Amino acid sequence: MTLRDLQPEAVGLLDAVQRRAEDVVDPDLLALARARVTHLVADGPTPPEPVDDRGRAVAAVIDQMLLDVSSTDDATVRAADALLPPGALADLVMASYAWEARTRLSVMADRLLGGLG
């Protein structure tokens with residue numbers, strides 16, 4: 001039995017959040033965030049290091065949020081925000097949190113249930 005079997009509405013809502021993130025977040029930045037979250041939260045493959053300033057700035061924000069969001073400093077956030085269109089960093093942060101939640105649920109479901117489903 002999978003988590004989707006046990007809680008279809010909740011998993012369906014999480015699916016909807018992911019689809020919305022795909023609609024509003026730059027695909028390259030979303031992929032970067034997902035790769036970093038998967039690596040740090042679920043022991044996924046090591047993501048490639050970003051090759052441009054935008055990617056490095058976003059990676060710094062995502063990594064710090066995953067390690068200790070309360071110690072994410074204003075300079076790190078401002079550096080990433082300055083390289084993105086208005087509102088894009090907020091969308092990316094929300095998408096990253098949603099992916100982190102999905103990843104943590106997936107790890108839990110794989111270990112305790114029949115997977116996420």
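Mentor: Axes here are lines fitted to C-alpha atoms, for helices over the stretch in contact, and angles run from 0 to 180 degrees between N-to-C directions. This is a predicted model, with local features needing pLDDT of at least 70 and side-chain atom pairs pLDDT 80 or more, while totals for chains, interfaces and linings use all residues. Residues are numbered from 1 along each chain as its sequence is written, and side-chain values use heavy atoms, without hydrogens and water.

Start with H3 and helix H6, residues 88-112. Helices are DSSP runs (H or I, at least four residues) numbered from the N terminus. The axes of H3 and H6 lie 9 Å apart, at an angle of about 35 degrees. Contact means heavy atoms within 4.5 Å. On H3, the contact residues include Leu29, Ala33, Val37 and Val41. H6 answers with Leu92, Ser96, Trp99 and Thr103, among others.

Now zoom in on Ser96 of helix H6. Beyond four places in sequence, Ser96 touches Ala33, Val37, Ile62 and Met65.

Next, helix H4, residues 53-68. The axes of H3, residues 27-42, and H4 come within 10 Å and cross at roughly 35 degrees. This crossing is right-handed too. Ala33 and Val37 are among the H3 residues in that contact, and Ile62 is one of those from H4.

Definitions and conventions. Helices (H or I, at least four residues) and strands (E, at least two) are DSSP runs, numbered from the N terminus. A crossing is left-handed if the near helix is turned anticlockwise from the far one by less than a right angle, and right-handed if clockwise.
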